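Subject: Model for you to look at

Hello,

Here is the model I said I would pass on. Please open it alongside this message.

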Amino acid sequence: MALQSATLLPYSLSIRKESKWNATLKETSLFGVPLPSNFKADTISSCRLSEDFKRRYSLSTIRAQTVSAPEINQASSDGKKTLRKGTVIITGASSGLGLATAKAIADTGKWHVIMACRNFLKAVKAAKKAGISEENFTVMHLDLASLDSVRQFADTFKRSGRPLDVLVCNAAVYLPTAKEPTYTAEGFELSVGTNHLGHFLLARLLLDDLKQSDYPQKRLIIVGSITGNTNTLAGNVPPKANLGDLRGLASGLNGQNSSPMIDGGEFDGAKAYKDSKVCNMLTMQEFHRRFHEETGVTFSSLYPGCIAETGLFREHIPLFRLLFPPFQKYITKGYVSEEEAGKRLAQVISDPSLSKSGVYWSWNKNSSSFENQLSKEASDEEKARKLWEVSEKLVGLA
């Protein structure tokens, strides 16, 4: 069953026969993003929005690309039934680790990749430039900084009739040099709102689809980071991740009535990213405890190695971007290319040997995977439970 193109607010995008895109900006309140009724004007005026944030929301996208259900169990020449292609959704698949993973898994010919990205045209161009076969990918609009966009994406995917076998929560915002916080459409600090809350809602909305999968390996993967793990050298580089008692998160992270930071402290862009990664790893483990036995879904996280040359660092100072790659290559020996990291994440998507649930995967110098240990905070069951309950309230699931 094919799904007809469905409008995803706040933009519409028409697809013409000559393959040209006609983007029309619809009514908006803030850089093209309709704000919720409880997002007050005084909140907007007090936020210093970065140029990157403005550029993001000036993009005129989107109608979802038509998504068709796959052909399942086609008969082979010897009369036996062949396994259908698996379907994997990868967020942030237009660049970096997400794009490298999309290519690695699509090139096997056994998977169809849903590239869930906020910039539709960028994703299409990136996929074609990377040489991903057109029959192996579909681009769908998803802006994790808008919970409405997350809900629209999930609804559009569900109505496509396509099964979901693996969900990879990969997209991330990293603003290490920001002096003032920026905010999501709902008014949450941008890094935590995107990296954690957007993915939390997406995973919850698509969990039933994963549960219903008949594929041999059905998985939910949340990309972690060594920088949020304080039992490592990298995790002890200041500012260190620390969620505290979650008082800032519980108060809404809006910077008005509460701190924009999870622990209730002063804003720090680098720490906000590291905190969000701790949330990602705690969330993975709580999914495992709550749903693995019931659903049969494998829940896991990973650190694929230090991808020193990646767009994630585009907001960092030029000197850091210049020196960090050779430092990782020749001093720490921890350097990993985007291509290699993509292959590692593709392993976690499809390798039968990595089917254990509740695991944080890493790789040694011989590129062999192993079960890594999380820090005390990143494996705190009580904190994971509290994080889950607070996050449910913030995204409207409680």
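First, some ground rules. This is a predicted model, in which local features need pLDDT of at least 70 and side-chain atom pairs count only at pLDDT 80 or more, while totals for chains, interfaces and linings use all residues. Residues are numbered from 1 along each chain as its sequence is written, and side-chain values use heavy atoms, with hydrogens and water left out.

The sheet

Helices (H or I, at least four residues) and strands (E, at least two) are DSSP runs, numbered from the N terminus. Two strands count as paired if DSSP finds at least two bridges between them. On that basis there is an open sheet of 8 strands in the order 5-4-3-6-7-8-9-10, with mixed pairing. Its edges are strand 5 (137-141) and strand 10, each with a single partner strand, so one side of each has no neighbour in the sheet. Neighbouring strands are turned by 25 degrees against each other on average, direction ignored. Angles otherwise run from 0 to 180 degrees between N-to-C directions, and axes are lines fitted to C-alpha atoms, for helices over the stretch in contact.

Strand 3 (residues 86-91) and strand 6 (residues 166-169) run parallel and are joined by 3 bridges. Here V88 stands opposite V166. Strand 7 and strand 8 are also parallel, with 5 bridges, and R219 has T298 of strand 8 as its bridge partner.

Strand 8 (residues 298-302) then pairs with strand 9 in the parallel sense over 3 bridges; S301 is opposite Y360 of strand 9. Strand 9 and strand 10 (residues 369-372) run antiparallel and share 4 bridges, with S362 opposite F370. The hairpin of strand 9 and strand 10 has 5 residues between the strands, and S367 takes a positive phi near 60 degrees in it.

Burial in the sheet

Buried here means under 20% relative accessible area, exposed over 50%, and partly exposed in between (1.4 Å probe, protein chains only). In a regular strand the side chains alternate between the two faces of the sheet. In strand 8, T298, S300 and L302 lie on one side and F299 and S301 on the other, and all are buried. With 5 of its 5 residues buried, strand 8 is therefore largely enclosed by the rest of the structure. Strand 9 (residues 359-363) likewise has 5 of 5 residues buried, so it is largely enclosed too. V359, W361 and W363 point one way from strand 9, and Y360 and S362 the other.

Contact means heavy atoms within 4.5 Å. Helix 5 (residues 147-160) packs on the sheet and touches strand 3, strand 4 (111-117) and strand 5, its direction making about 140 degrees with that of strand 5. S149 is found in helix 5 and is buried, with a relative accessible area of 4%. Leaving aside residues up to four places away in sequence, S149 touches H141, L142 and D143. Helix 8 (residues 269-295) lies across strand 7 (219-223), strand 8 and strand 9, at about 160 degrees to strand 8.

Helix pairs

Angles under 35 degrees count as roughly parallel, over 145 as roughly antiparallel, 65 to 115 as roughly perpendicular, and the rest as oblique.

The axes of helix 3 (residues 96-106) and helix 10 (residues 338-350) come within 7 Å and cross at roughly 60 degrees, so the two are oblique to each other. On the helix 3 side the contact residues include L97, A100 and A104, and on the helix 10 side they include A341, L345 and I349. By class, this contact has 8 nonpolar, 4 polar and 3 charged residues. Ala, Val, Leu, Ile, Met, Phe, Trp, Tyr, Cys and Pro count as nonpolar, Asp, Glu, Lys and Arg as charged, and the others, Gly among them, as polar.

The axes of helix 6 (residues 190-211) and helix 11 (residues 381-395) come within 10 Å and cross at roughly 85 degrees, which makes helix 6 roughly perpendicular to helix 11. Helix 6 contributes H196, L197, F200, L201 and R204, and helix 11 contributes L387, W388, S391, E392, L394 and V395. These divide into 7 nonpolar, 2 polar and 2 charged residues.

Regards
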